[in-house]
Amino acid sequence: MAKIKIADDFHENESGVTGQYKNWFLDYASYVILERAVPAVEDGLKPVQRRILHAMKEMDDGRFNKVANIIGQSMQYHPHGDASIGEALVNMGQKDLLIDTQGNWGDVRTGDDAAASRYIEARLSKFALEVAFNAKTTEWQLSYDGRKNEPVTLPMKFPLLLAQGAEGIAVGLATKILPHNFCELCEAAMKYLKGRKFDLYPDFLTAGMIDVSNYNDGKRGGKVRVRAHIEELDKKTLLVKDVPYGVTTTQLIDSILKANDQGKIKVKKVTDNTAAEVEVQIDLAPGISPDITIDALYAFTDCEVSISPNACVIVDKKPRFLGVKELLTVSVDHTKELLKKELEIKLAELQEKWHYTSLEKIFFEEKIYKELEKKHETWDKVLTAIAKAFEPFRKQLRRDITREDIVKLTEKPVRRIYRLDIEELNAQIKGLDAEIKQVKHDLNNLVDFTVTYFENLLKKYGKGRERKTEMRLFEAIQAQQVAIANVKLYVNKAEGFIGTGLKKDEFVTDCSDLDDIIAFTKSGRMKVVKVADKAFIGKDILHVAVFRKNDERTTYNMIYVDGKTGVSYAKRFNVTGVTRDKEYDLTKSEDPKTRVHYFSANPNGEAEVVKVVLSPASSARIKEFDFYFETLEIKNRTSLGNQVTKYPIRTVRFKEAGKSTLSGRKLWFDATFGRLNQEGKGEYLGSFDGDERLLVLFADGSYELTDTELTQRFDADKILEIRKFDPERIITAIYLDNEKLQFNVKRFKIETTTLKNKFPFIKEGEGNRLEAVTLHPEPVVIIKSGRGAQAKTQKVKIAGFVEVMGWKAVGSKLFDYAKSVEFEWGHKEEAKEQPPQTELF
């Protein structure tokens, strides 16, 4: 049994039972690591997998064999039960690389098990036979019972470990190598051999999407995020079209139902429609946003999973942690050495065959075989005579003639020799010379030979093995922003408690159990706490709301009196970030008489007007006056504020609502994620006030009006334009009317007001398609038609002959249909609105 190499003094001074247990444990750990859980770097296989493949090669006759028989054959080499062999065999068969399968082998996407081993069949694939076996280059060892030989490692001429992936848990360590794409591995191998840089990222048979930004070359500490594709069938229905790697449809549905039970999402029904392709249908509850639900599915269910790779392999009988690039280079170098061995063996065989064929030619051509007809006293003298007869021709040979060569010649049947026989031997020698020359050339150009080898693998076996998993960056989803409001928040203002369990007290709002709650008290204190059954804030609560971190638009207006000086101050401030459960003093006064006279929370920075009524006993001449919050700047929450009056205030009452003092929300569109944002990522769309909307033009010839909610998801690949909506803006579109075989042009304004509903602006019909669209006020189109010498180009000012019409109008004929017709806009594009520049001082 192999054992991991350890320091010689590991067991010094160990004795008795304690020492024996340490020895036994180390032996056990070594065995599990080397013989069970971790693959070898040479062939990428665990021992059970290697023994299965070796057993299948022994049984191979090109036909399928019952898996039960394969298991039985493998048990001659693997000293464990049939269950572990059967499980490993099914696992390899499901990876669709080394083993051709027949029968019900289960489905990794649904988690369905394979049928019993007596019902399913398997054989080695052509690929496996080409890359994994060569008895002449295989190192052999005795099997566990000493009865048979088994390979130490298979002569694998392919980075199988990276193609199949591997996972195993040993004693004190584990390995997890993700599968990679077959074609990309071949291409990377060729790039490495040519001295060029290459990258390798996982690819899964289950498809889906993957974010590899933190892959870390597959080493410890790296992480990939894997998602299912989720499509919006309609506003009430979502379709999950695949599953993340390592997740089954059953697990996925269970996670969705669990999130629904916990109130994190709201769905009406989940149906598994999986057949040849994965399809899980999710029917949404009434009034639930599909965009927010998609985000919530990624945040709270197995529609998104994180996988941490940990590439550990056996190198020189020791576990080592390597990156996938190093694993590929080791495998390719190993492949090159195996190819070199095969060429050297082939060269020796060809040279031996050339030698014997040359001997045979001389033997018959020079009639040396007649020595057999002469009478010699002994057989040895016959052989000596033949050897002597070859003396004049030794220079024609490339090595000495041995006794075995002559004996072999004498064993060949002697018959009448024709000239055709000699010519045939000459042709064989000529062919062997050409083969020897080619093999020597390949040996002298081993890198090029190895590159050609991988090119041939890619050509022969690459079809149908293209990348299935889409690589893309995933946006960060804030769980609090997408969680459904699943609890009700209540407040007892007088006693100073808030919570979901105070059902007899005043209702505040619906919220999620992931939310933070912000509360203000009459003493000028503020605190942010997690949603809980009951939490103490402080007596005389003025305001309670769900807290949104980094919210720079919600503005708090406050008037308070300093208990020490009697002076009243007004201030406006935002709360963007706090420490949870910490109490903040907003008044800069520790006097217990400090009190808030007036407080308001304004979601869009509104500045109202209030009436300040002073105490009748005050010495002020004017005892009532209006105070305008718009005169105050928005400052830090710790600021003192501006003085309102030095006289005692009796009351402050709301008088008149004000307008927002904030500029519009500046929005950008990030095409990478298909999301709106306020962080300056992507294309600037403009500054938006109130209920201003967005116009989205799609490649299928439809448009949509939508709001500026940041939780929306857009498919950037289907969008031609996304702009701030202006009802007076004219849209110009050119499309193919397939029924009349002509290109039409139309100019129209958006007349609909319904949000988040797509409207087709080209004539509906089979084969109709949008050719070009622009928002330019004076569009000019360049029409190119014909090919070669008959090519024509004309420029048309569309506004000159096409009137503005309704969005449902068919439009006017522009040009007859022909395959060679192309359109491009010839006007100068309008400069898009740019974000304001920040001045630096």
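This is a conversation about a predicted model and the terms used to describe it.

Visitor: What kind of model is this, and how are residues numbered?

Guide: Residues are numbered from 1 along each chain as its sequence is written, and side-chain values use heavy atoms, with hydrogens and water left out. The model is predicted: local features need pLDDT of at least 70, side-chain atom pairs count only at pLDDT 80 or more, and totals for chains, interfaces and linings use all residues.

Visitor: Why is E475 called buried?

Guide: Buried means under 20% relative accessible area, exposed over 50%, and partly exposed in between (1.4 Å probe, protein chains only). E475 has a relative accessible area of 10%, so the word is buried. R713, at 24%, counts as partly exposed.

Visitor: What makes E475 and R713 a salt bridge?

Guide: A salt bridge is a side-chain nitrogen of Lys or Arg within 4 Å of a carboxyl oxygen of Asp or Glu. For E475 and R713 the N to O distance is 3.1 Å, so the pair meets the rule. This pair links distant parts of the chain, 238 residues apart: E475 lies in the loop between β17 (470–471) and α15 (479–482), and R713 in the loop between β38 (702–706) and β39 (719–724). Helices (H or I, at least four residues) and strands (E, at least two) are DSSP runs, numbered from the N terminus.

Visitor: How many salt bridges are there by this rule?

Guide: The count is 46. Among them is D515 with R548, at 3.3 Å, N to O. D515, at 3% relative accessibility, counts as buried, whereas R548, at 39%, counts as partly exposed. Another is D816 with K813, at 2.6 Å, N to O. D816 is partly exposed at 45% relative accessibility, and K813 is partly exposed at 45%. Bridges that share partners also join D211, R225, R227, D295, E304, E475, R675 and R713 into one network.

Visitor: What makes a set of residues a nonpolar core?

Guide: The members are buried Ala, Val, Leu, Ile, Met, Phe, Trp, Tyr and Cys residues joined through side-chain atoms within 4.5 Å. The largest such core here has 96 residues, of which I52, L53, F127, F158, L327, F454 and L457 touch the most other members. Helix α7 (residues 182–193) gives the most to this core, with eight residues. L53 touches L45, M92, L98, I99, L124, F133 and L154, leaving aside residues up to four places away in sequence; contact means heavy atoms within 4.5 Å.

Visitor: How do you know that the span of helix α4 is close to the expected one?

Guide: The expected span is 1.5 Å times one less than the number of residues. Helix α4 (residues 82–94) has 13 residues and reaches 18 Å from first C-alpha to last, close to the 18 Å expected. In α4, I85, G86, A88, L89, V90, M92 and G93 are buried, and their cover includes α2 (47–59), α3 (67–74), β2 (99–102) and α6 (160–164).

Visitor: What makes a space a cavity?

Guide: On a 1 Å grid over the protein atoms alone, a cavity is a set of points where a 1.4 Å probe fits but cannot get out; lining residues have an atom within 4 Å of a point. Residues lining the largest cavity include F158, L160, L327 and S331.

Note on methods
1 Å grid on protein atoms, 1.4 Å probe; cavity = no way out; pocket = protein on both sides within 12 Å on 5 of 7 lines; lining within 4 Å.
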